[in-house]
Every structure is written in C-alpha cells, then in structure tokens.
Amino acid sequence: MDLDRHRLDAVLAQRRIASAEASEIVDARDLEPDEVFRVVRYPLRVGLGEPDLQLGVEVEPVDGETLRMNVAALAELVRRHGPAVVLTGAGISTESGIPDFRSPTGTWAHYDPQEYATLDAFEADPIKVWSFYALRFRALNEARPNAGHLALAELERAGHVSALVTQNIDLLHERAGSREIVEVHGSIRTSTCRRCGAAYGIETVLTQLERDGPPRCDCGDVLKPDVVFFGEQLPEAAIDRAYELARSTRLLLVAGSALEVRPVSLLPDETVLAGGRVAIVNRGPTSFDGRAVLKIDGRAGETLSALVDALRA
Ligand code: APR
C-alpha cells in the first residue's frame, strides 16, 4: 500500500468521501487503514442512538495493588516513549460534576442531540437550542478543574506531556494550567453572530442569558455558541494540528473518551499507522480497546494523579 500516494491524493479523496457520505454514517472501525488518511475534514459525526448501557456504569473499585501495577506500566510507557500527546473527552470532567454524554446518566440520556445539538436544530430553532446551552454554559462556567486536569497540567510542566487535544468545551484544562491545548470541538469561550461575524465573550453571554434569555448580537441576530454542532465542520486549524500531533507522537494517551465520535475517534489510528502506541485510561469500553498497548479501566483523576507520583519516584 502506497501511503504517500494516498496523502498526496488527500484533497481529492476528501472531496469524494464528503459527497459519498452525505447520507451515510460509516463506523470508524469499518474503515480500511488506507482510508483513514482521507477523513480529516469530516463534519462531527456520531450514531445518535440510545445511551450505551455499557458505558460509565459503576465499576468495581480498583484495588490498590491493581491500580499500582497499571500505573507502573503506564509510567514505563511514558518514560520510554514520551512525551505523550493526550486526547481527552467528557470522562476527564465528570469528577468536576459535569456529566459525560453516553453513560446511562449522560447528557444524551436526557436531551436528544438531534433536537439540541445539530446545526439543523440550531438553524430551525435557535431559542430552543439555547434553552439547553444556557444550562450548560452556567454549569460549565461554575465547574472547577479536578485531580485529572491538574495531573495533566503537572505532567506537561514536568515534560511528560507535549500537548493536549480535547473534545471538551469546558475550558477546564486551561483553568488547570495546561498550556499546549488543541480544542477540536470549540469551547464556551466565545459565541459569534452568524450574520455579521461579531464575537462575544462568555461573561457577556452569561449576563445576557441571566437578563434576557438567548444572547443576541448588537445587530439583532441570535448568537451561536462557538462549539461544534453535529453536522458542522471542525475548526480546520485545530483538527489539522490534532492530526499532526497524533501522527508525530510515539505515545498517544486517551483519557475519558469512549472514542465514538468522528473525526476525533480516528486519531488513535493515525498514531498506530505512523508507528506510535496508544494507551487508554477510561471507565468502560472504548472503540480502540483492542488495539491499545495498555487499557486502564479506572477513574481518570485517581489514575493520572498516581501517574504523576509514579513518574516522580
Ligand atoms: N474517569 C475515566 N473515564 C470516565 C470517567 C472518569 N471519571 N467518567 C466517565 N468516563 C468515561 C465514560 O464511561 C465514557 O466511556 O468517559 C467516556 C466518555 O465518553 P462520551 O460520553 O462518549 O464522551 P466523549 O468521548 O467526550 O464524546 C465525544 O461526543 O456528544 C459529543 O461533542 C460531544 O465532544 C463530545 C463528543
């Protein structure tokens, strides 16, 4: 298989895939390895079904010895192949009191994403979509970084992590002190007017939400939060950077993501195809478990804090 040729063909291939995919949801796991190079610019995509009862269920508490052995193995991977690029999802923020998406108690168990999180839904009824985002903006803004966020910031300062790719919009990595952060699904930092392009910061948006309901631009249009809705393209510079990082790292550490949503769920494939390794810290299964060199089924906060200690020893 001639990978370089596929890379050169990427622009053409992306166009082909975009048109072929308009009415089709493809499972990332069904892609052939050579197809993986072609899918960088997919719109945000996921199966919008019932919550997966396997995800996020209370696991047996991990005993101290098992945790110690798992963490020792992860520390060894980081020493040998680090600095790691870390890929985080909603599971890193549940210990800050923010529900994830696909657990039985996750956000999509209460809100149908088709009605509240697609670009079509926003265009049809922005006021209804803001009724959901108003609650989310307030909750995320009040949340504080937890032990997992703080551990990742510490690992970066110590030189064990080179960059963080996050699907989260909650700004908690930044608040914890991480510096090299790539936000692939946008964030609550700003909201923008789709008519005139004016951008408003979170404080202004929160004040408007308290006072008058859905935030509006001075020109009168309802603002759109700068988060990526399903059906929307990911910010190009961010997803390109995420792919670059995934391809160039020798160790990708996934923390708190079920890896169900494209195109981010394809990043581990990029790492492995480029000769790197993938390790996963996640409660419950992920789509990449079978191909990871290490899977730790535990809480991100506890595991990553223990990793900091193990790497200091
Ligand atoms: N420690 C480790 N893992 C955890 C923890 C925890 N404390 N809490 C929950 N998890 C696990 C869940 O069991 C689940 O497997 O984290 C995973 C979170 O997966 P999802 O809910 O699918 O969240 P995420 O992968 O971030 O979703 C990706 O989907 O809905 C969209 O745009 C949204 O960015 C989001 C994207």
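This is a predicted model: local features need pLDDT of at least 70, side-chain atom pairs count only at pLDDT 80 or more; totals for chains, interfaces and linings use all residues.
Residues are numbered from 1 along each chain as its sequence is written. The chain holds 13 helices and nine strands; helices (H or I, at least four residues) and strands (E, at least two) are DSSP runs, numbered from the N terminus. Of its 313 residues, 42% count as buried. A residue is buried if 20 or more other C-beta atoms lie within 10 Å of its own, exposed if 12 or fewer, and partly exposed in between, with C-beta atoms placed from the backbone.

- Strand β8 (residues 277–281) is mostly covered, with five of its five residues buried.
- Arg277, Ala279 and Val281 point one way from β8, whereas Val278 and Ile280 point the other way.
- In a regular strand the side chains alternate between the two faces of the sheet.
- β7 (residues 251–255) runs parallel to β8 and is joined to it by five bridges; two strands pair if DSSP finds at least two bridges between them.
- Ile280 is the bridge partner of Val254 and stands opposite Lys295 in β9.
- Three bridges join β8 to the parallel strand β9 (residues 294–296).

**The antiparallel sheet**

- An open sheet of three strands has the order β5-β4-β6, with antiparallel pairing.
- β5 (199–201) and β6 (223–227) stand at the edges, each with a single partner strand, so one side of each is left without a neighbour in the sheet.
- Four bridges join β4 (residues 186–193) to β6, and Ser191 stands opposite Pro225 in β6.

- The buried residues of α8 include His149, Glu154 and Glu156.
- Just after α8, Gly159 takes a positive phi of about 85°.
- The largest nonpolar core has 67 residues, and those with the most contacts inside it include Val85, Leu152 and Leu267; such a core is a set of buried Ala, Val, Leu, Ile, Met, Phe, Trp, Tyr and Cys residues joined through C-beta atoms within 7 Å.
- Domain 1 (62–98 + 145–185 + 235–313) and domain 2 (103–142 + 187–227) both give residues to this core, so the core lies between them; the domain bounds come from an automatic or database domain assignment.
- Leaving aside neighbours within four places in sequence, Leu267 is in contact with Leu87, Val165, Ala242, Tyr243, Ala246 and Leu252; contact requires C-beta atoms, placed from the backbone, within 7 Å.

**Backbone exceptions in loops**

- Most residues other than glycine have a negative phi, and most peptide bonds are trans.
- The peptide bond from Arg262 to Pro263 is cis, with omega near 5°, and Pro263 is found in the loop between β7 and α12.
- Leu259, in the loop between β7 and α12, has a positive phi near 55° and counts as buried, with 25 C-beta neighbours inside 10 Å.
- Leu171, in the loop between β2 and α9, has a positive phi near 65° and is partly exposed, with 19 other C-beta atoms within 10 Å.

Note on methods: Two residues are in contact if their C-beta atoms, placed from the backbone, lie within 7 Å.
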